[in-house]
Amino acid sequence: AVAKANPFPKAPANTTVAIFLDAAPPADALAKAGGAQDEELRLGKREIYVHYPSGQGRSKLRIPAAKSGTARNMNTIARLAAMATEV
């Protein structure tokens with residue numbers, strides 16, 4: 001469901017992440033993010049999606065709402081989903 005909801009389907013999977021949260025992200029999560037350069041952000045049901053066109057390693061993006069979350073890129077999400085269906 002997370003992969004299908006990816007708001008950046010045309011972006012390379014290795015430059016797009018879903019940050020998984022314990023609950024729905026706060027409505028002001030994007031407004032409170034700082035340090036953005038060329039990154040794109042969108043809210044999901046319990047995720048924050050981020051596309052890093054220039055790569056995550058160079059990014060100065062800070063997302064306070066994601067502090068306790070864990071991020072995985074779309075390649076990893078696809079692999080985990082495939083593994084879950086193999087069982």
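## Asparagine 6

The side chain of asparagine 6 comes within 2.8 Å of the backbone nitrogen of phenylalanine 8. Asparagine 6 belongs to the segment before strand S1 (16-20); strands (E, at least two residues) and helices (H or I, at least four) are DSSP runs, numbered from the N terminus.

Asparagine 6 is buried, and its relative accessible area is 12%; buried means under 20% relative accessible area, with a 1.4 Å probe and protein chains only. Leaving aside residues up to four places away in sequence, asparagine 6 touches Thr16, Tyr49 and Met74, where contact means heavy atoms within 4.5 Å.

## Basis of the model

The model is predicted: local features need pLDDT of at least 70, side-chain atom pairs count only at pLDDT 80 or more, and totals for chains, interfaces and linings use all residues. Residues are numbered from 1 along each chain as its sequence is written, and side-chain values use heavy atoms, with hydrogens and water left out.

## The chain as a whole

Of the 87 residues in the chain, 31% are buried. Among contacts between residues at least 6 apart in sequence, 62% join residues at least 24 apart.

Note on methods. Buried means under 20% relative accessible area, exposed over 50%, partly exposed in between (1.4 Å probe, protein chains only). A polar contact is a pair of N or O atoms within 3.5 Å; within protein, one must be able to donate a hydrogen and the other to accept it, and residues adjacent in sequence count only if both atoms are side-chain atoms.
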